[in-house]
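Hi,

Here is the structure I said I would pass on. Have a look at it first, and then read my notes below.

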Amino acid sequence: MAYWLFKSEPGTWSWDDHVKRGKKGQEWDGVRNFQARNHMRAMKKGDRGFFYHSGDDKAVVGIVEVSAEAHPDSTDTDWECVDLVAVEALPKMVSLADIKAEPKLKDMVLVKNSRLSVQPVTEAEWKQVLKMAGA
């Protein structure tokens with residue numbers, strides 16, 4: 001299993017919006033960055049990801065699972081996306097400031113390239129963020 005992080009502006013698509021989609025999940029559409037698209041192409045069904053609120057919140061708030069591998073994005077078929085289902089909210093949000101303050105996460109893509117909307121997370125980083133969240 002691989003781990004990922006998916007960023008979204010809560011005013012556009014929030015964790016609560018995602019949870020409301022239930023088992024049907026949601027297409028992670030609208031990504032128009034080649035690096036982020038390539039990450040989605042590498043995803044496998046069952047991979048897990050952090051749901052990250054960008055904007056004012058700047059925090060990891062939940063866990064999602066890839067429910068469908070890369071396929072044409074319904075908003076622009078020249079691009080691809082994956083489908084995600086909400087798994088669970090984290091007991092405690094983990095802020096970007098907390099992540100940057102944790103030496104074990106100094107090499108995390110979120111710290112080095114916070115603008116990338118879909119990014120890989122190592123297993124060690126995954127476990128550390130979960131620990132910080134009280135999960």
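R32 and D76 form a salt bridge, with their closest N and O atoms 4.0 Å apart (a salt bridge here is a side-chain nitrogen of Lys or Arg within 4 Å of a carboxyl oxygen of Asp or Glu). R32 sits in the loop between β2 and α2 and D76 in strand β5, so the pair ties together parts of the chain 44 residues apart in sequence. Helices (H or I, at least four residues) and strands (E, at least two) are DSSP runs, numbered from the N terminus.

Before going on, two notes on the source. This is a predicted model, where local features need pLDDT of at least 70 and side-chain atom pairs count only at pLDDT 80 or more, while totals for chains, interfaces and linings use all residues. Residues are numbered from 1 along each chain as its sequence is written, and side-chain values use heavy atoms, with hydrogens and water left out.

Back to R32. R32 also forms a salt bridge with D73, and there the closest N and O atoms are 3.0 Å apart. That pair again links distant parts of the chain, since D73 is in strand β4, 41 residues from R32. How exposed are these residues? D73 is buried at 0% relative accessibility, while R32 is partly exposed at 36% and D76 partly exposed at 26%. (Buried means under 20% relative accessible area, exposed over 50%, and partly exposed in between, with a 1.4 Å probe and protein chains only.)

The structure holds seven salt bridges. Another one of them joins the side chains of D107 and K112, at 3.7 Å from N to O. D107 is partly exposed at 46%, and K112 is exposed at 59%. Through shared partners, salt bridges join R32, D73 and D76 into one network.

Now the sheet. It is an open sheet of six strands in the order β2-β5-β4-β3-β1-β6, with mixed pairing (two strands pair if DSSP finds at least two bridges between them). β2 (26-27) and β6 (118-121) stand at the edges with a single partner strand each, so one side of each has no neighbour in the sheet. β1 and β6 run antiparallel and are joined by four bridges; W4 stands opposite P120 in β6.

Two helices are worth a look here. Helix α2 (residues 34-42) lies across β1, β4, β5 and β6, at about 80 degrees to β5. α5 packs on the sheet too, touching β1, β3, β4, β5 and β6, and its direction makes about 40 degrees with that of β5. (Contact means heavy atoms within 4.5 Å; axes are lines fitted to C-alpha atoms, for helices over the stretch in contact, and angles run from 0 to 180 degrees between N-to-C directions.)

Last, the inside. The largest nonpolar core has 19 residues, and L5, F50, V60 and M108 touch the most other members. (A nonpolar core is a set of buried Ala, Val, Leu, Ile, Met, Phe, Trp, Tyr and Cys residues joined through side-chain atoms within 4.5 Å.) α5 gives the most to this core, five residues. Leaving aside neighbours within four places in sequence, M108 is in contact with L5, I99, V121, E125 and V129. There is also a second, separate core of 18 residues, W4, M43, F51 and C81 among them.

Cheers
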